[in-house]
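Hi,

Here is the structure I promised to pass on.

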Amino acid sequence: MREIDSNEICQGVRDLAIGAAHDLEPDILEALLAARDRETGELAGNILNVLLANANIASRDRIPVCQDTGTGILFLEIGQEVHIRGDLHAALQEGVRLGYEEGYLRKSVCDPLTRLNTGTNTPAVVHLDLVPGDRLTIRFLPKGCGSENMSSLVMLPPAAGTEGVVRHVIERVLAAGSNPCPPMIVGVGLGGSFEKAALLAKKALLRPVGEQSERADVAVLEERILREINGQGQGVHGFGGINTALAVHMETFPCHIASLPVAINIQCHAHRHKELVI
Amino acid sequence: MSLLASEPAFFDNQLEVSLPFTPEALASLKAGQLVSLSGTLYTGRDQTHRRLCALLDEGKELPVDLAGQLLYYVGPSPARPGRVIGAAGPTTSYRMDSYTPRLLALGLAATMGKGARSAEVRQAMLAHGAVYLAAIGGAGAFLSKCIKKAELVAFADAGPEALFRFEVEKFPAVVINDLEGRDYYALVAAGNKKGEG
């Protein structure tokens, strides 16, 4: 049994929150550079240049990449041989609180009815997975809501089939227009149950940008959906061109014979994510 | 990672415009045009809109006269000590749609955010002679450099949703809806099917 102190987790989460807001990871930067290099629209190309410069300024001057520093989403994989000393949940929330306060990040969390801001950007949403081993992996995905608001979940009839799934995803993504700050990453959760599909769609965003599904038939669908979305010419910020989406990531899970859940979680180009392994 | 080492020169063909707009400048804007804004504007998002309309409901005076002004939909991140402001890119405009016609009727000349507006807002813009601009979504760090002064005007307790007055310099934006009823997003969608352009 390995012991990990909750204070170490708290400090780690604080650093993840600050790092994620300021420093884009290589996967998204490379995807934006590749998009810029293949862009045909003049205005879209200019804006991709602005986005690359924006990432540079953010990292250099410690200004958040986007003013919407998001709600905190934490994914934990806890090894079965890990014992956490102290209160894990309290440590996670305190880590988020410290990160948003000390990093000068925007506090965007409020009560859903009164709309009163909690003032701390907490509570963060926490997902726990128990896995074999003696390590603790923490992934932090601050999620801005311009893109989150364009997400959806639908329970299709099984008869809709693969074509129904593809058509639905493309329709939803194109209907989002320029609201989610394209070029976007489209997370698709297919199968499972109502709540499992939504979680799969979000977890799909954790995959390195552009990395295909390990399932060959799913990878084919990802590529087809991406091609069709980009072929519609909405482009960067809806200003035309060929880069409406940077990637489509689809995660699947077996579902009931009567069911075909499809969840779509859209991520903006300011795709912030950081990982810590203890 | 070969990131851009310095900020490249953008938008050589931008039209330089002073804020608040003169009626002539407002009328000269065309959908799809790139503009570079310098001068004064006001900010407001969800909570500011809700409160402004609540004041109107109560027959009270607004904390600022919006006639002729540009209202920028933004909820900036906090400024580090010694800085003017944190990241300050546009938020999604449709959330303000239900309030916007009322503010346009007060003489608000322009709004700026990201994403398309409702048919009601487009109609109200035509009726009241107002335009809508899009700022660059997700470029909050870049745009913060174009904000030279930020002053709290009202609703301090709304935090990032408060109403600020900004002094901006060469703030880039794209005209989406002009005084003649053109909509740039719609023009792109109509002309650009299948990625021809």
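Across the interface of chain A and chain B, the rule finds one salt bridge, counted when a side-chain nitrogen of Lys or Arg lies within 4 Å of a carboxyl oxygen of Asp or Glu. The side chains of Lys145(B) and Asp61(A) form a salt bridge, at 2.5 Å from N to O.

Please bear in mind that this is a predicted model, where local features need pLDDT of at least 70, side-chain atom pairs count only at pLDDT 80 or more, and totals for chains, interfaces and linings use all residues. Residues are numbered from 1 along each chain as its sequence is written, chains are lettered from A and ligands numbered from 1 in the order in which they are written, and side-chain values use heavy atoms, with hydrogens and water left out.

Back to the interface: 53 residues of chain A are in contact with 54 residues of chain B (heavy atoms within 4.5 Å). The two chains bury about 4200 Å² between them, 59% of it on carbon and sulfur atoms; buried area is the accessible area (1.4 Å probe) lost when two parts are put together, summed over both. On the chain A side, Gln67(A), Tyr104(A) and Phe239(A) lose the most area to chain B, together 17% of what that side buries.

Helix H6 (residues 161–176) and helix H8 (residues 216–230) of chain A pack at an angle of about 40°, with axes 10 Å apart; axes are lines fitted to C-alpha atoms over the stretch in contact, and angles run from 0 to 180 degrees between N-to-C directions.

Best wishes

Technical notes:
Helices (H or I, at least four residues) and strands (E, at least two) are DSSP runs, numbered from the N terminus.
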